[in-house]
Structure formats: C-alpha cells, structure tokens
Amino acid sequence: MRVLNYLELASQLHRSGIGTSTDHQRAALEETDVDVVTSPWRGGSPAHIPLSALRGRNPVVEFDVAHCNLIGPGSLAVARHAKHYGKPLVLHSHVTSEDFAESFRGSTLAAKPLRQYLRRFYSQADLVLCPSQYTKRILESYPVDAPIRPISNGVDVDSLDGFETFREEYRERFDLDGLVVFTVGNVFERKGLTTFCKLAEETEYEFAWFGPYDSGPQASTEVKHWTENPPENVTFTGWVDDKRGAFGAGDVYLFPTKNENQGIAVLEAMACGKAVVLRDIPVFEEFYTHGHDCLKCSSRAEFRRALDLLARDPDLRERLGENARKTAAEHSLERVGEELVEAYEDVSAGRV
C-alpha cells in the first residue's frame, strides 16, 4: 500500500504540535509495510507541474490512500484529486475552532467562522482521524458528516534519549536553580500563559517556558505583556536547539492549558519521568489519572497547593514520575503505526 502522508507548510510548522504529530506518523509507518510519500507533486514541488504537463504526465504522484494533516489549499487540492480518482481520503483533525482561539492576535474572532469551514472540510473525508475521544466529540458537535476515529499522536521516546545529560548545560544557560517548574511548547494564552505567570508571582520557585513566542504584530496582547514584562522568577527561553535540554533542566511539568486535542509535550514530560501538573479539562480525563500519574487542578489556588506539595515531597514526585513513564509507554509509536495501518486498510476496504 502506498500512502500520501501530506503536511502542507511543513517548513513553517516543524516547531508546532502538528509538525511533531506528522513526524510521529511517518516514523511509526517506517516500521510497517506501508510505502509513504510526503509530497503530492512529482518532483516534490508544484514548480514541477509544467514539466509534468509537457511530458503528458499527471503532476500528482500515484498513491492508494491520501492522508492530509492540515486544512489549507494544498490539502484541498489533494482532497479533490483523491475524490476525482476514487482514492480513499483520510483527513487528520489537528485543528478545531476551540484550540485555534487564544493562540495569536485575532484568532479568537476567527474561531467561529473557522468552525463552519472545518465542518465542510472534514465532512468530505472517507475517514477523519483525531488525537482523542474529546476531539471526536467536538467534531461531532459541529457536526462533521464523516466517520471519525481517535488515534493518539504518540510519543517518540527515542528522541528523548539522554535528556538527563543536558541538565547542567541548560540550567546554566538559562540561569536556573533549585526546583524548576517548566513547560515546553509555543507560548500562547490558550496554553495557560497568564496562569503560569501569576503562579510564578505567588511562589518562590523558578519558572521556565521553553519554546518560541511571537513578538510582532501577530502576537496576542497577553503574550506581548508577559514576555516583555515577565515576573522576576520566570524565564522565556525562546526556541531551544534540543528539546532534551528542556526536559533535563525542569523538575515539575506545569501545563495549565485551557484547551488541547491531546498535548504531545505532556507525553514527552511523562516519558522523561517528570511529575506533571495539569489543568483539569475534559481531554485529559481519558488519558491521565489524578494522584496516579499526574496532579490535576481547577483553580490557581489548587495549582499553587500542588506545586507546594511536590516541592516538599520528592518521593511523591518520583512516584508520579514513574507511573507517568508507564502511561507514556501506552502511546508508543509502534502502537500508532499499527492503528494507522488498520485505518488505511479499513478505509480502503470500505469498513469505516
């Protein structure tokens, strides 16, 4: 079976969760019998279309199943091509209007019309994949008129190998000391930026946010405010060369996000055996258990008590971290590969 696993704007999205999820899919499929192509265009670029036309060849590569990971014009073109030639179409829902809001300037206003577009876009699929049962329920509420199947984004444990060896280097680089409360990923208000900073103001721990942030006109008001005027004990590192440095330097992973489809960095923190503190939101109910592999909080006061508890109880941090490793193992790339192959076989046979 030959599958087109397509991510338009790949070079711009390599630092994003969508880019990471797509990388996970492709790495997982390397261990299967599926032949993966990543560009729909012969020669790897639309620039080769005229040459293909001169040669009398279809400018689109041959494939048995199309699997698109974004929602833009390139994906629309692939979807139309697949429909025209009767090829099964799989669309991956990494984007919902709910998680689009509070990301950058204007995104909240755009979220409502985006929902209508997403309803139409995803409904053309023979199968929609999404990272969680929570996202499935969101799509069904639009409503999306297509079969929907959750498959975890997975976690690439091998990419984290040796994270401990980066601890001193990254702590020294960013002047971190003592217990470090940290998060990893793009700096968005949706991901709990204001809560993160206000908790820092209310405590004496070191806080570090490892990840890029906008500083231009596209930056939200909250991102500009907090990154330009951070509390004394908060460090915004910007993009880091190696994510292993972030997981090596930090001690307690704090993620007060307001909305997620899954949250890959949470799984990465768990795979590193870190104690994890999460906002108690619906998507995390299906993956994580309070008091077993994480602590869940609903208010800033609860977050503060959780951080204080973990700071004074290293045994609890160790126990939560060890259980978190076992949870992360349930999201292996091997399992992701098996479920993707099953999805491709089912959609090809009309079993969805």
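**Salt bridges and a helix crossing**

Biologist: What makes Asp241 and Arg173 a salt bridge?

Modeller: Their side chains meet at 3.8 Å, N to O. A salt bridge needs a side-chain nitrogen of Lys or Arg within 4 Å of a carboxyl oxygen of Asp or Glu, so the pair qualifies. Asp241 sits in the loop between β9 (234-238) and α11 (243-249), and Arg173 in helix α8 (residues 167-173), 68 residues apart. Helices (H or I, at least four residues) and strands (E, at least two) are DSSP runs, numbered from the N terminus.

Modeller: This is a predicted model: local features need pLDDT of at least 70, side-chain atom pairs count only at pLDDT 80 or more, and totals for chains, interfaces and linings use all residues. Residues are numbered from 1 along each chain as its sequence is written, and side-chain values use heavy atoms, with hydrogens and water left out.

Biologist: Why is Asp241 called exposed?

Modeller: Its relative accessibility is 65%. Exposed means over 50%, buried under 20%, and partly exposed in between (1.4 Å probe, protein chains only), so Asp241 is exposed. Arg173, at 40%, is partly exposed.

Biologist: What does the salt bridge of Asp126 and Lys83 tie together?

Modeller: The N to O distance is 3.3 Å. Asp126 lies in the loop between α6 (107-123) and β5 (127-130), and Lys83 in helix α4 (residues 73-84), so parts 43 residues apart in sequence are tied together. Asp126, at 27% relative accessibility, is partly exposed. Lys83, at 40%, is partly exposed too.

Biologist: Are Glu260 and Lys191 buried or exposed?

Modeller: Both are buried. Their side chains meet in a salt bridge at 3.1 Å, N to O. Glu260 is in the loop between β10 (252-255) and α12 (264-271), Lys191 in the loop between β7 (180-184) and α9 (193-202), so this pair ties together parts 69 residues apart in sequence. Elsewhere, salt bridges that share partners join Arg149, Asp346 and Arg351 into one network.

Biologist: How many salt bridges does the rule count?

Modeller: The count comes to 19.
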